Amino acid sequence: RFGYVVGESGLIAALLIIAASKVITVLTVLSLSAIATNTKVEGGGAYFLISRSLGPEFGGAIGLLFFAAQALSVAMYVIGFTEAALTYLPSGTSPLLVATISNIAVFVCVVIGAGWTLRIQFMILCAVGLSLLSFYLGAWQSFDWRILAKNVGAGFTDGESFWTMFALFFPAVTGIMAGANMSGDLRNPARSIPLGTILAVIVTGAVYVSQAFCLAGSRTRGDLIGDSMIISDIAVMPLLIAAGVFSATLSSALGSMMGAPRILHSLARDRLFKILLPLGVSSGKNSEPRRAIFTTFLIAQSGILLADLNSIAPLITMAFLVTYGLLNLATFYEAITKNPSYRPQFRWCHWSTSLAGAIGCGVVMMLIDWRWAAVSVAIVGSLHWYLSRIELSADWGNLQSGLLFERTRRNLMKLEDELY
């Protein structure tokens with residue numbers, strides 16, 4: 001889809017889209033890094049971080065929505081893999097059969113354990129790297145400055161605009177929680193989450209910018225818009241591009257299948273929803289959340305059977321953005337209120353950057369689709385209202401307790417000044 005974005009937007013607008021997307025993700029990563037280095041991070045990723053800052057009501061609400069989005073993302077990535085695989089399979093092959101087999105394969109890899117899955121991810125990374133190398137070599141051979149000059153400006157067709165292209169591209173940068181979702185499996189989360197996520201954002205940003213230049217200088221605008229596999233046409237070895245597409249979709253499916261169950265497992269262990277209690281059981285010597293993994297598999301398979309993920313894809317994006325927005329908001333409140341328990345080791349986050357990240361997430365949600373934005377906010381609000389009504393008794397501190405402590409301390413000091 002990136003060739004289509006560059007063809008419609010032109011090089012300059014495409015670079016602006018990449019920059020705007022990366023600014024929002026970088027601001028969110030700064031907030032993520034601050035919270036991740038403020039407390040001992042356990043399993044649950046974004047849910048754990050938000051619930052320990054904004055309390056169980058917000059944490060539970062966003063955790064359940066984020067889990068559903070991650071689980072349905074598995075189906076979306078598996079369907080993407082299936083669509084690419086069908087071009088190399090005999091005519092008449094059932095897409096449902098291929099998608100189901102792929103989903104089962106992803107499920108089995110994750111059930112075996114996180115260590116095994118991560119080893120597979122390294123092999124997938126090599127395949128993606130080779131596909132990128134094949135594309136860059138092909139682009140270097142066919143690069144033409146005259147074509148680049150013609151593709152600098154925008155050339156939007158009917159119904160398309162800068163914001164529709166922004167909405168099309170933005171899901172490509174929503175994977176910044178992949179490392180945080182594995183927080184319970186990391187040896188040193190406080191170091192690994194900030195370092196790994198920041199480096200990932202920098203590397204992917206460099207790839208997107210370089211690809212935009214290569215696409216704009218290698219093919220005409222009509223080719224970029226009309227050919228969805230234009231990268232394969234440019235590459236010196238098209239087969240490596242196919243391997244890269246397979247690897248990228250499988251990698252994303254594996255990442256979501258690993259991350260979603262750990263969010264659900266952490267939710268169940270915190271006993272916020274009684275119906276989820278059986279899913280808090282750990283299995284094996286490595287305490288794998290296998291019941292939660294099986295639940296994620298069933299939800300993903302349901303999405304595959306429905307085979308209409310295009311209608312719910314906006315909600316998946318909105319769930320990511322709501323999560324990122326609340327993460328930024330939590331960091332902003334922690335910093336601006338001078339919560340005494342908020343002492344992050346990561347020093348590159350300020351309350352102003354967190355506020356900017358929260359506002360950015362909200363603006364992007366409205367620009368992509370204000371209706372789906374309203375639905376996602378309504379879902380979070382409804383879950384928050386439900387959790388508030390059942391009077392949860394969380395056994396961990398949060399922002400409210402920290403603020404109460406700080407306010408009480410200040411009042412006592414003020415009283416002491418008045419008495420003496």
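View 1. Arg219 counts as buried at 16% relative accessibility, where buried means under 20% relative accessible area, exposed over 50% and partly exposed in between, with a 1.4 Å probe and protein chains only. This is a predicted model, in which local features need pLDDT of at least 70 and side-chain atom pairs count only at pLDDT 80 or more, while totals for chains, interfaces and linings use all residues. Residues are numbered from 1 along each chain as its sequence is written, and side-chain values use heavy atoms, with hydrogens and water left out. Arg219 is placed in the loop that runs between helix H8 (189–218) and helix H9 (221–226); helices (H or I, at least four residues) are DSSP runs, numbered from the N terminus. When residues up to four places away in sequence are not counted, Arg219 touches Ser142, Ile147, Asn151, Leu224, Ile230, Asp233 and Ile234, a contact being heavy atoms within 4.5 Å.

**View 2. The salt bridge between Asp233 and Arg219.** The side chains of Asp233 and Arg219 form a salt bridge with an N to O distance of 3.0 Å, the term meaning a side-chain nitrogen of Lys or Arg within 4 Å of a carboxyl oxygen of Asp or Glu. Because Asp233 belongs to helix H10 (residues 230–234) and Arg219 to the loop between H8 and H9, the pair ties together parts that are 14 residues apart in sequence. Asp233 is partly exposed, with a relative accessible area of 44%, whereas Arg219 is buried at 16%.

**View 3. Other salt bridges.** Four salt bridges are found in a search of the whole structure. One of them joins Arg146 to Asp144, with the closest N and O atoms 3.2 Å apart, and Arg146 counts as exposed at 63% relative accessibility. Another joins Asp369 to Arg371, with the closest N and O atoms 3.6 Å apart, and here Asp369 counts as buried at 16% relative accessibility.

**View 4. The nonpolar cores.** The largest nonpolar core has 77 residues, of which Phe2, Val6, Met177 and Leu215 touch the most other members; such a core is a set of buried Ala, Val, Leu, Ile, Met, Phe, Trp, Tyr and Cys residues joined through side-chain atoms within 4.5 Å. Helix H1 (residues 2–36) gives the most to this core, contributing 13 residues. Val6, leaving aside its neighbours within four places in sequence, is in contact with Ala14, Ala212, Leu215, Ala216 and Leu224. A second, separate core of 19 residues has Val74, Cys109, Ile124 and Ala253 among its members.

**View 5. Cysteines without a disulfide.** The structure holds zero disulfides, a disulfide being a pair of cysteine sulfur atoms within 2.5 Å. For Cys126, the nearest cysteine sulfur is that of Cys109, 16 Å away. Cys126 is exposed at 52% relative accessibility, while Cys214 is buried at 14%.

**View 6. Helix H11 and the residue Arg271.** Helix H11 (residues 238–269) has 32 residues and reaches 47 Å from its first C-alpha to its last, close to the 46 Å expected at 1.5 Å a residue, that expected span being 1.5 Å times one less than the number of residues. Just after H11, Arg271 takes a positive phi of about 60 degrees.

**View 7. Asp185 and Ser287.** Asp185 lies in the loop between helix H7 (162–169) and H8 and counts as partly exposed at 37% relative accessibility. Asp185 and Ser287 are separated by 102 residues in sequence and by 9.9 Å in space, C-alpha to C-alpha.

How values were computed. Helix = DSSP H or I, 4+ residues; strand = E, 2+ residues; numbered from the N terminus.
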